[in-house]
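Hello,

Here is the structure I promised to pass on.

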Amino acid sequence: MKKPQDILAMPHDQLEALQLAGIKKTVAACYENVPFYHDLFDAAGFDPYAVETLDDLKAAPFTTKQDLRDNYPYGFFAVPKREIREIHMSSGTTGIATVGGYTEHDLDIWGDCFARGIWYADGGEDDIAQICYGYGLFTGGLGAHYGCEKAGCMTIPISAGNTERQIRVLREMGSTILCCTPSYAMYIADTALAMGLDPKRDFSLRAGIHGAEAFSDNFRAELEEKLDYKVLDIYGLTETMGPGVAIECMEQQGLHLAEDHFFAEIIDPDTGEVLPDGAWGELVLTTIDREATPVVRYRTRDITRIIPDACPCGRTHRRIDRLHGRTDDMLIIRGVNVFPSQIEDVMKTFPQIASWYQIELARKNHLDAVTLKVEVNPDFDFDQMSAIEKLQKDISSRLKTALSVGIRVRLVEPRSIPRSEGKAKRVIDLRGDDA
Amino acid sequence: MIMQLTVFLENSEGRLAALCRTLADANINMSALTIAETSDYGVVRIICNDVFRAVDVLEDAGFRAAKTKVLAVELPDRPGALAELLEALDSTKVNIEYGYCFQTNGEVAIHVLKIKPEDRPIAEEAIAGAGFKLLHWNDIAG
């Protein structure tokens, strides 16, 4: 019987033929059904019906996150709403969120993509998958859920938080696969150790599929030692689908792209020029068979490279290297994408504070702790301690609403935030390389 | 009513010393200083002889400083004086945000009270009615 994972060993030339056929459909569907793309292609002189080779896609213009925001909420939908089964949104204040739509087919391929992580870990029906990514508009929870179900795992949709219960379930249900952010996995490990448990004896974990934030090799080694399992890195973004765009296999030497669903290019972020395999640059993705919200040459702003060699595991899908940062100022805080401009937008609503600020990122018990330092304005009545406390709390709660991430606010003295050449260094990342 | 100097200070090394040095260099004399603090910051409240100039020199030096209107009441230096004052205020139901005492000579003590502006007339009436002397800012500025 043909198994869904057979496609992972398809000869690359056949895979490319499949990609070309899909891309032709994608660019035509975008042109015909998404007014934004109709105008964009026309303005760039790109003929969507003239794509004959994968190289021809280089003539297509890029799509940016700003384009998605500008067309919020439904501007990028290429099918009627009645065909949409689900939507997800990237974090952001209303109006600047980006929306992904999923038809039944899209949900199916999403499940298939994430399920590859389970297959890479030699997992399947004998596994018990504990999903502690947050369920909701964030793609982490449901993406993992569809994947684990697709792979046939007994799936535990416990969602994020309540660490002691996570540990109880890990122990009592005997979970074998853990899906969450790497930092939360470390937090679970340390909490279990502090509770006097020995994860090697008390847990049955075999593999962890950890993504949504970058982590170092040292961090991985520490996690694997503490929880006695194998850690696989997973990559994805709401704009193209969610987690599962690329996942590591047990070789842990880069993440296999789901090349039957996504066409990847690496470009020079400054010139837009496509770089050869092996060169570091910005990852650009085109969806091959996404129905609801297809994207053409989406600039991810993530820096990686395509690993030129074949993977020792024998799978033919090419690999991207582990991410090396971003080309923009986006921060990843506890797995949530945060742009400094979102923080500025919230700050503007408080006349009591100046526009100078500094974001301090630190790691506390392996979880990101964020402090926003803001300067008080002279006309704010700081003589009243309760007013200061209330202001800090109000800013913090408005940030929480806008960013879905808890940020501690600290009022500081004027001019205490260092300015260099008249410009403040806005982000101090103390999380170190050992993220 | 007198003017108090209020300074917002970060809870970090040397800030209080820098504040006092700045005032000293401007030849400003303090009669009282009190600090309300949290782990991150402190609010320093000062009674001094020239609050208007103090705010200017501190702001110039990069401090966040402001003038705050507070009530100052002269109390006889004997047991029970403060209790009587507070009891007089208690009957008016006005809320006291904070208060502190200081003494400049052996005869009398001065009690500072921060009361919401809208409650201030009622409080002043009650204080005067109980026989206490309210100080004007000229009484402090020297």
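Below is what turned up, starting with the sheet and ending with the interface.

Please keep in mind that this is a predicted model.

The sheet in chain A

Chain A holds an open sheet of nine strands. Their order is β4-β3-β5-β6-β7-β8-β9-β14-β13, with mixed pairing. The edges belong to β4 (154-156) and β13 (306-307) of chain A. Each has a single partner strand, so one side of each is left without a neighbour in the sheet.

Look next at β7 (residues 230-237) and β8 (residues 242-248) of chain A. They pair in the antiparallel sense, over four bridges. Within this pair, I234(A) stands opposite I247(A) of β8(A).

The helices on the sheet

Helix α4 (residues 104-120) of chain A lies across β5 (177-180), β6 (207-211), β7 and β8 of chain A. It runs at about 30 degrees to β8(A). Helix α5 (residues 139-150) of chain A also packs on the sheet. It touches β3 (128-131), β4, β5, β7 and β8 of chain A. The direction of α5 makes about 60 degrees with that of β8(A).

Where the chains meet

How many residues of chain B are in contact with chain A? There are 14, and they contact 13 residues of chain A. On the chain B side, β1 (2-10), β3 (41-48) and β4 (64-76) of chain B each give two or more residues. β1(B) gives the most, with four residues. By type, the chain B side divides into seven nonpolar, three polar and four charged residues.

Best wishes

Technical notes:
Residues are numbered from 1 along each chain as its sequence is written. Chains are lettered from A and ligands numbered from 1 in the order in which they are written. This is a predicted model: local features need pLDDT of at least 70, side-chain atom pairs count only at pLDDT 80 or more; totals for chains, interfaces and linings use all residues. Two residues are in contact if their C-beta atoms, placed from the backbone, lie within 7 Å. Ala, Val, Leu, Ile, Met, Phe, Trp, Tyr, Cys and Pro count as nonpolar, Asp, Glu, Lys and Arg as charged, and the others, Gly among them, as polar. Two strands pair if DSSP finds at least two bridges between them. Axes are lines fitted to C-alpha atoms, for helices over the stretch in contact, and angles run from 0 to 180 degrees between N-to-C directions.
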